[in-house]
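Open the model in your viewer and keep the selection panel at hand. The stops below say what to select and what to look for there.

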Amino acid sequence: MNSIQELLQKKDKNVLSIYFTCGYPNLEDTTNVISALGESGVDFIEVGLPYSDPLADGPTIQESSHEALENGINLDVIFEQLKTIKETNKTPLIAMGYLNQLLKYGEDKFCQACVDCGIDTVILPDLPMVEFENHYRQLFDKYGLTNIFLITPHTSEDRIRKIDSYSKAFIYVVASASITGAKGEISSNQIGYFERIRAMNLQSKLIIGFGISDKTTFNTACSYANGAIVGSAFIKHLGTNGIGKIDDFIKPIIS
Amino acid sequence: MITQNKDMKSKFHPDKNGYFGQFGGAFIPELLHPNVQELADNYIQIIESSEFQIEYKDLLKEYVGRPTPLYLAKRLSEKYGAHVYLKREDLCHTGAHKINNTVGQILIAKKLGKTKIIAETGAGQHGVATATVCALMGLECTVFMGEKDIVRQAPNVTRMKMLGAKVVPATSGSKTLKDATNEAIRYWIQHPETFYLIGSVVGPAPHPDMVARLQAIISEEMKWQLKEKTGKENPDTIIACVGGGSNAAGAFYHYLDDENVELIAVEAAGLGVHSGESAATSQLGQVGIIHGSKTILMQDEYGQIVEPYSISAGLDYPGVGPLHAFLYESGRAKFMSATDQEALDAAFELTKIEGIIPALETAHALAVLDKITFRKDQVVVVNLSGRGDKDLEIYTKYLEA
């Protein structure tokens with residue numbers, strides 16, 4: 001069974017996932033961040049693969065990705081780093097990057113490298129459903145990888161149902177028409193959208209992301225879904241406070 | 001008609017998923033799916049409707065100033081030993097071919113009920129052409145432009161502002177066309193009610209095909225103009241510069257299936273194809289995804305996009321439209337390149353012997369005339385995509401050097 005699916009069977013409320021950028025703030029921080037997040041009580045971790053042109057990301061993740069690339073991070077280094085903690089790390093990992101990285105690295109080579117690091121789930125925000133159906137479903141199946149689909153306030157009901165049928169771990173509910181790092185509170189419009197999705201009684205678990213930044217937004221999201229993902233707010237904290245203070249960010253959210 | 005006969009199946013038209021061979025598609029975040037799908041479902045029907053055709057053709061004639069002349073450049077012909085015709089897109093309103101596309105897309109946007117327009121721009125020509133049609137139609141316009149390009153194409157920034165557009169600097173990456181496009185797409189994701197009026201044959205399907213169809217007026221006119229002047233619709237050779245590739249797509253469009261018409265696409269070699277400072281995508285790129293399209297892309301071994309370089313703000317793009325990637329891979333078009341210096345020399349040569357100051361982008365196409373051995377009776381059309389007013393600062397430096 002997929003590791004995230006297994007996790008969500010055991011725990012289906014207030015699930016906290018954190019996104020971080022590999023190689024940030026320093027090249028060697030990748031594994032330290034994962035260990036610290038695991039110890040803080042984070043349920044699963046999105047391992048951000050830095051990309052030069054991340055279209056779905058706001059300034060915070062763009063900048064952390066840029067810095068990580070300047071630090072010398074690349075897919076070979078990332079997979080080497082992740083291999084070193086394969087045996088000790090108990091927190092499920094999801095690889096999150098852009099399709100061109102997989103394409104250029106080699107589709108099979110990329111999938112095999114994920115498997116070798118103990119990663120069985122991927123998120124590629126620019127992989128559209130039609131390409132998944134025509135090609136990537138078969139590729140991912142070959143390596144036992146699960147793909148996470150995103151839905152947004154503008155995704156039609158038919159399309160959500162189809163995505164639901166393809167989803168093995170969870171559906172990533174993008175909280176608003178936004179790139180990552182949106183600020184502020186959750187609006188009544190967003191609540192209406194969360195309620196609409198919840199009322200669809202989908203077979204998949206729901207995790208809300210984009211614009212979730214603190215305990216308040218996390219709690220609100222969790223009252224309409226199985227959990228939520230925090231990304232940019234964590235990256236900001238990491239950039240300011242370094243990897244020694246990860247607990248200070250996580251504990252208030254899950255307390 | 002600006003579109004091909006429906007019964008005519010051309011391998012240079014995209015398939016139902018927007019692919020030209022292995023290139024194209026729509027690699028977009030889910031949030032853009034409804035917008036892109038809405039356009040894909042409607043654009044051909046709108047473009048082929050008589051209502052659109054009447055309005056589009058009327059605007060092209062009365063507002064843009066079409067047909068643009070097909071001018072036999074006698075002194076240039078003498079120098080290169082061929083019959084060299086210039087398709088004078090530089091005489092279009094706003095100074096380049098870009099307005100053919102913006103006039104068409106603004107009509108499509110209106111038909112779809114969109115009132116807010118966004119666009120990216122490199123040299124500023126597309127930004128100006130977009131701001132112009134938005135002023136004409138009374139629509140709100142926001143143009144994303146690389147910070148570096150805002151400096152090197154300052155006159156166009158003033159024009160856009162005069163036309164009522166908001167110009168937003170793109171400060172990420174190389175601060176040029178690629179980054180302006182990234183910012184436009186990010187804005188589009190956050191404001192899905194807007195219409196993204198894309199400036200070249202790039203982006204997710206159906207944008208590359210839509211823009212090619214709207215630029216196809218160039219080769220449509222070339223056909224009857226050549227027939228009048230030479231007795232034959234077909235030239236032997238068509239030369240056009242390629243950044244994203246919209247003017248080349250328009251100049252090639254109605255000749256794509258006539259394999260006896262040689263098509264030459266000219267990329268910007270910057271300081272030299274292998275100097276590390278270049279934008280010659282077909283020579284330096286491999287298959288990759290940029291701005292929602294699978295194409296040929298300048299990238300490193302990990303798929304990170306490499307920053308391109310060219311003196312010309314309209315050509316320093318690390319990709320190329322998917323149609324052009326297919327023309328390159330299939331061998332249908334020949335890809336050549338010209339360096340900064342060769343383009344500058346060509347710009348000054350045309351100015352001196354024909355009295356026409358071309359845009360720096362266009363100068364790249366002119367520069368390859370010197371690299372080709374022509375037959376004496378060879379009929380060559382160079383698509384003179386834009387005029388050089390916007391490049392005077394760079395030309396001034398050249399004069400002083």
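**Stop 1: a sheet in chain B**

Select strand β5 (residues 116-121) of chain B together with β8(B): 2 bridges join them, and they run parallel. Helices (H or I, at least four residues) and strands (E, at least two) are DSSP runs, numbered from the N terminus. Find B:Ile117; opposite it, in β8(B), stands B:Phe195.

Before going on, note the ground rules. This is a predicted model: local features need pLDDT of at least 70 and side-chain atom pairs count only at pLDDT 80 or more, while totals for chains, interfaces and linings use all residues. Residues are numbered from 1 along each chain as its sequence is written, and chains are lettered from A and ligands numbered from 1 in the order in which they are written.

Now show the whole sheet. It is open, has 4 strands in the order β7-β6-β5-β8 (chain B), and its pairing is parallel. Two strands pair if DSSP finds at least two bridges between them. β7 (166-170) and β8 (195-196) of chain B are the edge strands, each pairing on one side only.

**Stop 2: chain B as a whole**

Zoom out to chain B. Its secondary structure comes to 16 helices and 14 strands. The radius of gyration of chain B is 19 Å, close to the 21 Å that the globule rule gives for 401 residues, so the chain is as compact as a globular protein of that length. Here the radius is taken over C-alpha atoms, and the rule is 2.2 Å times the number of residues to the power 0.38. The C-alpha trace of chain B spans about 55 × 50 × 45 Å along its principal axes.

Of the 401 residues in chain B, 60% are buried. Buried means that 20 or more other C-beta atoms, placed from the backbone, lie within 10 Å of the residue's own.

**Stop 3: the core**

Which residues touch the most other members of the largest nonpolar core? Select A:Val173 and B:Val266; the core has 221 residues. Such a core is a set of buried Ala, Val, Leu, Ile, Met, Phe, Trp, Tyr and Cys residues joined through C-beta atoms within 7 Å.

Centre on B:Val266. Beyond four places in sequence, its contacts include B:Ile239, B:Val242, B:Met336, B:His364 and B:Val368. Contact means C-beta atoms, placed from the backbone, within 7 Å.

**Stop 4: chain A**

Show the open sheet of 9 strands, β5-β4-β3-β2-β1-β9-β8-β7-β6 (chain A), with parallel pairing. Its edge strands are β5 (146-147) and β6 of chain A.

Select β3 (residues 93-96) and β4 (residues 121-123) of chain A: 3 bridges join these parallel strands. A:Met96 has A:Ile123 in β4(A) as its bridge partner.

Next, pick helix α11 (residues 232-241) of chain A. Its buried residues are A:Ser232, A:Ala233, A:Phe234, A:Ile235 and A:Leu238. Their cover includes β1 (15-21), α3, β9 (227-230) and α12 (246-254) of chain A. Just after α11(A), check A:Gly242, with a positive phi of about 75 degrees.

**Stop 5: where the chains meet**

Colour by chain. The contact takes 29 residues from chain A and 25 residues from chain B. On the side of chain A that touches chain B, α5(A) gives the most, with 6 residues.

Technical notes
Two residues are in contact if their C-beta atoms, placed from the backbone, lie within 7 Å. A residue is buried if 20 or more other C-beta atoms lie within 10 Å of its own, exposed if 12 or fewer, and partly exposed in between; C-beta atoms are placed from the backbone.
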